[in-house]
Structures are given as structure tokens and as C-alpha cells.
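Please walk me through this structure.

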Amino acid sequence: MKANRRVTVLEDPTDLARKGADFVARSAAASAARDQSFTLAISGGSTPRPMHRMFAQEPYRSLIEWNRVRLFWVDERCVPPDDPESNFGAARKDFLDHLPIPAGQVHPMPWGLEPEVGASAYEKEIRRAFALDKAGYPSLDTVVLGMGQDGHVASLFPGSESLNERDRLVLDVRGGVPEVNRLTLTLPVLNRAKEILFMVSGERKAPVVKALLEDDDADLPAQRVQPLEGRVTWLLDKGAASMLRTRNEP
Ligand code: 6PG
């Protein structure tokens, strides 16, 4: 067990979504009390979508002070928002269109620019939106991550140079499924978050979850998510946790 890591196994994907939404609601309340606002970065893919849909329903619709949320993306596919592969497009459908987040507080990654221009533009947008630390990095309140079957996190894929990035906040990369140009936050940004929530679902990810949590030498991108000061919470459903030796870490 790692000191700043907590692992919880949930019955099924619906429980996983509810626990994720509870986590975000708690973090939002704590951050809003401290800073008047709550900075949240969300991932794409299929796993977070049931949680996103719950955001638009009670109790989360009322529980979370949506007008204080400042929303960012962990990564994005360089496709228009109405493309089924767009993370922003999916979030819009799932919760953004149904909740009172002021438009100026929603920061989708740019999709219509050349990828490297888009990455620089988003980097500038982040620099403007946050009080940066001495090294020039922001500290997001909460970052929600998924993990691919190959251990990738955000759009940081195994063996990719982007895993070694130390200066940039946002990179353009190519890869993943679908294999398209993508923009992604870098590890130095992810690792400055105050809270990181990983959500992983399904038996097909059981082998990578096992490698990730039980084999320190597996060298998976998701293992490089090690916040400097924050905490990592892993929410797994039973399928994803099915190969673990120990199911819950306190
Ligand atoms: C994206 C992601 C990516 C995702 C994993 C898991 O592709 O946009 O942010 O890192 O979280 O690939 O995806 P699934 O939830 O679809 O398995």
C-alpha cells in the first residue's frame, strides 16, 4: 500500500459512477469553501460517462455549486464537438447542457487548430486561468482520470516521449483508439493536482489494474501519476479489481 493511495472496489459500474460523483461533490464543497471556486479536469472515454450523466441529476445537480466550477479537460481528440469521439461533445450532452456552469468557466481544448497550435493555445489558457507556482505550473483541485488497457493515462501512451515532458503543460500527440491527433495535459500538471481520482471499470482491464497496483516495475504511464503533494484515489468496479490480491486498501 502506498501512503497517498486509496483503493476502493465497487459492486458494479453504477456504484462506481455514484462513488465518483460523491467524490467530486465532496471535493467541490471543500475547494469552494477554501477558494470560492473549484477547478476540475475531466477525462474522456466511456468510463466517466455514467458519472457525468449523474451530475445532471439529483442529488448532484443541487449538491454541487455548479456556478463555482471551473472546468478543464485532461485530454481531447482533435475532432469537432459534434463528432462522437469528442470528449467535449460527450460532456456537453451528458451534463454541461443541463447545468448552470457559466460559459466563461468551461475551458474545452481547442479542436479546430493545427494540433501543436492548439496545444500552445490551451497552455496559454491554463496559464491565464491559474495562479501558477514558482515553476510555472497550475495546481488543479481535482483531476479525474481513466486508464486504458495498455496502462495509458490521459493521452500519454506507453513508450511515448510525451511521458518525459518536463516543461510544457499541454502536448499534441498521436495515438490511442481511435488513432487521431490529440491534446493532453502533461505529467507535471497532473502531478500537481490536489486530488486525483482514477476510475476503472470492466474485467478486460483486470490484468493492467493488477500490474499497476501490484507490480512497481510494470512501468505503465498510469504509474507515473504520483502527485507531489496530493492524494490518488482509485475507484474500481469488481470486474477491474478481479485479479487483485487485496481488494480494498484503506
Ligand atoms: C481519452 C482518455 C483516455 C481514457 C482511457 C480509458 O481517450 O479521451 O481520456 O485516457 O480515459 O482510454 O478509456 P475508457 O474509459 O473508454 O476505457
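Q36 sits in the loop that links helix 1 (13-35) to strand 2 (38-42). Helices (H or I, at least four residues) and strands (E, at least two) are DSSP runs, numbered from the N terminus. Q36 is not a glycine, yet its phi is positive, at about 75 degrees. Most residues other than glycine have a negative phi, and most peptide bonds are trans.

This is a predicted model, in which local features need pLDDT of at least 70, side-chain atom pairs count only at pLDDT 80 or more, and totals for chains, interfaces and linings use all residues. Residues are numbered from 1 along each chain as its sequence is written, and side-chain values use heavy atoms, with hydrogens and water left out.

Two cis peptide bonds come next. One joins E58 and P59, with omega about 5 degrees. P59 lies in the loop between helix 2 (49-55) and helix 3 (60-63). Another joins V177 and P178, with omega about 0 degrees. P178 is in the loop between strand 7 (170-175) and strand 8 (180-185).

Now step back to the whole chain. It has seven helices and 10 strands. Its C-alpha trace spans about 45 × 40 × 40 Å along the principal axes. Why does the chain agree with a compact globule? A compact globule of 250 residues would have a radius of gyration near 18 Å, and the chain has 17 Å, so the two agree. The radius is taken over C-alpha atoms, and the globule rule is 2.2 Å times the number of residues to the power 0.38.

Finally, turn to the ligand. Which residues come nearest to it? Of the 16 residues around the ligand, they are T47, D75, H152, A154 and K205. Near means that a heavy atom of the residue lies within 4 Å. The shell holds two nonpolar, nine polar and five charged residues. Here Ala, Val, Leu, Ile, Met, Phe, Trp, Tyr, Cys and Pro count as nonpolar, Asp, Glu, Lys and Arg as charged, and the others, Gly among them, as polar.

The side chain of K205 has a polar atom 2.5 Å from a ligand oxygen. For R77 the distance is 2.8 Å, and for R182 it is 3.2 Å. Taken alone, the ligand exposes 420 Å², and the protein buries 90% of that. These areas come from the Shrake-Rupley method with a 1.4 Å probe.

Conventions
Polar contact = N/O pair within 3.5 Å; in protein donor to acceptor, adjacent residues only side chain to side chain.
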